[in-house]
Amino acid sequence: MRSFGGMRIDIFSFVEYDKKMELYHGSDIIVEKPILLPNQRTLDFGSGFYTTTNIDQAKVFAQKVGDRKESENCYISIYSILDFQLLKSELFVLEFSEPNEEWLDFVFENRSGTYTGKNYDIIFGPVANDTIYRVFAAYEDGVIGKEECIRQLKVKKLYNQMIFSTERSLEYLKYKNCLEYKTERI
């Protein structure tokens, strides 16, 4: 079993409001009270409620969900939580500061459905956009090795994701409001 803990965040900036940070969730519905649903597919950080500190990333995801479900509108639900340092003192948190070997192993095991390590309340770290997914797919298929995959990922602009994977962690997420957009058909 691998250990994925003990890593410090140093490349992501948070929007802070009086010792709180703001998070965004993109969807085709307004999510005032997040709940944990069973995943129907394997994701980077496993099952949980996914958020980001990047509003543009949330908007892109909301658009993708709206397209997939043929929804007329898409929404960005906005939340606040405690300052991240305070949150880490109260919950079991795993954080990755960059795409490194531990992050790659963790994401690979979650995506392949083979992760059997510790369960965390919150997981925070890089998320891959469509360009990065191609690099990751090449690694998954054995076309490139681990070192080459990490090297290619480090030159890409990565966004972040924070997932809330326990009921206890969801209690810290406070709904503020939402933004509504018309779903753009391509």
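At what angle do the axes of α3 and α5 cross? I will come to that in a moment; first, a word on what we are looking at. This is a predicted model.

Now to the two helices. The axes of α3 and α5 cross at roughly 105°, and they come within 10 Å. Angles from 65 to 115 degrees count as roughly perpendicular, so that is the label for α3 and α5. On the α3 side, the contact is made by Glu101, Trp103, Leu104 and Asp105. On the α5 side, the residues are Lys146, Cys149, Ile150 and Leu153.

Let me stay with Cys149. Is Cys149 buried or exposed? Cys149 has 0% relative accessibility, and buried means under 20%, so Cys149 counts as buried. Leaving aside neighbours within four places in sequence, Cys149 is in contact with Leu104, Val135, Tyr139 and Ile144. Another cysteine, Cys178, sits at 25% relative accessibility and therefore counts as partly exposed. As for disulfides, the count is zero.

Cys149 also brings us to the largest nonpolar core, which has 23 residues. The members that touch the most other members are Phe45, Phe96, Trp103, Leu104, Phe106, Ile123 and Cys149. Which elements give two or more residues to this core? They are α3, residues 101-112, α4, residues 130-140, and α5, residues 146-154. The largest share, five residues, comes from α4. There is also a second, separate core of 17 residues, and Val31, Ile81, Phe124 and Leu173 are among them.

Next, the sheet. Three strands form an open sheet, in the order β1-β3-β7, with antiparallel pairing. Why is one side of β1 and of β7 left without a neighbour in the sheet? Strands β1, residues 20-27, and β7, residues 174-182, stand at the edges, and each has a single partner strand, so one side of each has no neighbour there. From one strand to the next, the twist averages 20°.

Helix α1 lies across β1, β3 and β7, and runs at about 20° to β1.

To go back to the opening question: α3 and α5 cross at roughly 105°.

Methods
Residues are numbered from 1 along each chain as its sequence is written. This is a predicted model: local features need pLDDT of at least 70, side-chain atom pairs count only at pLDDT 80 or more; totals for chains, interfaces and linings use all residues. Side-chain values use heavy atoms; hydrogens and water are left out. Two strands pair if DSSP finds at least two bridges between them. Helices (H or I, at least four residues) and strands (E, at least two) are DSSP runs, numbered from the N terminus. Axes are lines fitted to C-alpha atoms, for helices over the stretch in contact, and angles run from 0 to 180 degrees between N-to-C directions. Contact means heavy atoms within 4.5 Å. A disulfide is a pair of cysteine sulfur atoms within 2.5 Å. Buried means under 20% relative accessible area, exposed over 50%, partly exposed in between (1.4 Å probe, protein chains only). A nonpolar core is a set of buried Ala, Val, Leu, Ile, Met, Phe, Trp, Tyr and Cys residues joined through side-chain atoms within 4.5 Å. Angles under 35 degrees count as roughly parallel, over 145 as roughly antiparallel, 65 to 115 as roughly perpendicular and the rest as oblique.
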